[in-house]
Amino acid sequence: MRIEAVETQLARLPLPGGAWRDAIQDVTHIELVVTDVSTDTGLVGTDFAYTGGVGGRTLKAMLEHDIAPYVIGQAAAPRGVWHRCWHHLHNMGGGGVTTTALAALDIALWDLAAKEAGKSLVALLGPVRERILAYASGINLNKTEAGLVEQARGWRAAGFKAFKIKVGKPEIEEDVARLTKVREIAGRLPVMVDANQGWDIGTAQRAISAFEPLAPYWIEEPLLADDVEGHARLRALVRSPLAIGENVYTLQQFSHYLTCGACDFVQADVVRVGGITPYLEIAALARAWGAPLAPHFMMELSGQLLCCLPNAHILETIDGGSLSDLGALAQPIRITDGYFTPPAEPGHGIVFDRAVLRGHAVEA
């Protein structure tokens with residue numbers, strides 16, 4: 001089975017609940033670069049990459065001008081194609097735009113491999129569990145305390161068994177007050193906090209110490225993701241576990257974090273690291289270090305991978321941010337009573353609503 005064509009479509013989908021705000025950014029739209037890979041057997045694999053509203057045209061251009069011409073005619077074997085492409089693009093950077101663009105090829109190749117075998121993606125990779133626990137995540141720093149309380153109560157009523165909120169208010173005391181309200185709703189359930197790289201090391205130490213009586217399950221991205229040694233220093237100063245990974249792009253970068261003892265939970269984003277091929281390698285690395293997986297975003301695909309990995313811990317579903325919430329899917333995939341169950345049809349089972357994508361299309 002060989003690659004005959006690679007076709008891309010860029011859409012910009014508005015967030016259904018309005019803008020998101022965290023410590024460093026405001027997001028109003030999710031950009032999707034949807035890729036169809038056609039083969040000489042007639043099978044077509046579908047893939048996607050995403051952005052938080054910045055860079056979609058760049059990804060589409062790299063796919064069309066640098067990746068597609070390079071892979072046409074190659075055997076549609078995901079691992080071989082991925083590693084050749086990564087070296088082909090490496091002069092433009094080992095991770096970031098290059099790996100995110102590669103994801104929009106790699107996931108399609110895995111979709112093809114599963115379809116050719118007549119199996120679901122999970123059956124092809126080999127299931128470890130039938131379903132995976134999901135936590136409710138909110139990009140909610142812009143919500144009032146009352147709005148945050150309403151959101152957390154909604155999560156509890158929907159059957160979620162773990163929550164995550166944003167922190168990073170100008171005063172640590174306000175973060176503590178907001179976290180206290182959510183802890184009251186959650187009771188003994190896990191509550192995570194996410195600082196989105198917004199602190200320096202002194203502020204991070206003071207904030208995490210102030211949160212400690214409220215037993216946060218983890219502290220996510222307290223410092224700039226580039227600062228591995230800073231996270232290692234901070235980890236030695238605080239008792240709460242640190243979760244890192246949504247802005248870490250390569251196997252080598254994750255290895256650096258784990259070697260430095262700077263990361264308790266690995267949150268690799270399957271799209272940002274380059275797709276399923278590198279995600280499986282990062283998962284194996286994390287397992288060797290005894291680090292559980294709690295991936296960032298894109299629950300429709302991440303949940304399938306977690307069902308196949310022994311060190312899977314928990315799945316993130318962002319309130320209003322799933323492909324289903326964005327209205328991008330012809331066949332929505334949902335969390336039920338706090339758990340994700342993977343699709344059973346051949347391939348990854350993620351079927352886009354092409355009319356919706358056309359309605360929000362962005363011209364290159």
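Modeller: Let us begin with the largest nonpolar core, which has 117 residues; Leu32, Ile67, Val266, Tyr279 and Phe352 touch the most other members. The largest contribution to this core comes from helix α3 (residues 97–117), with 10 residues. The model is predicted, so to speak of local features requires pLDDT of at least 70 and side-chain atom pairs count only at pLDDT 80 or more, whereas totals for chains, interfaces and linings use all residues. Residues are numbered from 1 along each chain as its sequence is written, and side-chain values use heavy atoms, with hydrogens and water left out.

Biologist: What makes a set of residues a nonpolar core?

Modeller: The term denotes buried Ala, Val, Leu, Ile, Met, Phe, Trp, Tyr and Cys residues joined through side-chain atoms within 4.5 Å. Buried means under 20% relative accessible area, exposed over 50%, and partly exposed in between, with a 1.4 Å probe and protein chains only. There is also a second, separate core of 8 residues, including Tyr135, Ala162, Phe265 and Ala294.

Biologist: Which residues are in contact with Phe352, leaving aside its neighbours within four places in sequence?

Modeller: Contact means heavy atoms within 4.5 Å. With those neighbours set aside, the partners of Phe352 are Leu32, Val34, Thr46, Asp47, Phe48, Leu323, Ala328, Leu329, Ala330 and Leu357.

Biologist: Why is Thr8 called buried?

Modeller: Thr8 has a relative accessible area of 17%, and the limit for buried is under 20%; Thr8 is therefore buried. Thr8 lies in strand β1 (residues 3–14). Helices (H or I, at least four residues) and strands (E, at least two) are DSSP runs, numbered from the N terminus.

Biologist: How do you know that the side chain of Thr8 makes a polar contact with the side chain of Glu64?

Modeller: A polar contact is a pair of N or O atoms within 3.5 Å; within protein, one must be able to donate a hydrogen and the other to accept it, and residues adjacent in sequence count only if both atoms are side-chain atoms. The value for the side chains of Thr8 and Glu64 is 2.8 Å, and the pair is listed as a polar contact. Not counting residues up to four places away in sequence, Thr8 touches Val33, Val34, Thr35, Lys60, Leu63 and Glu64.

Biologist: Which residues of helix α8 are buried, and against what do they pack?

Modeller: In helix α8 (residues 228–237), the buried residues are Val228, Gly230, His231, Ala232 and Leu234. They pack against α7 (201–211), β10 (242–244) and α9 (251–259). At the start of α8, a side-chain oxygen of Asp227 comes to within 2.7 Å of the backbone nitrogen of Gly230.

Biologist: Why is Ala157 called exposed, and why is Pro78 called buried?

Modeller: Ala157, in helix α5 (residues 145–157), has 71% relative accessibility and therefore counts as exposed, the limit being over 50%. Pro78, in helix α2 (residues 78–89), has a relative accessible area of 10% and is therefore buried. Pro78 touches Asp106, Leu109, Trp110 and Thr277, not counting residues up to four places away in sequence.
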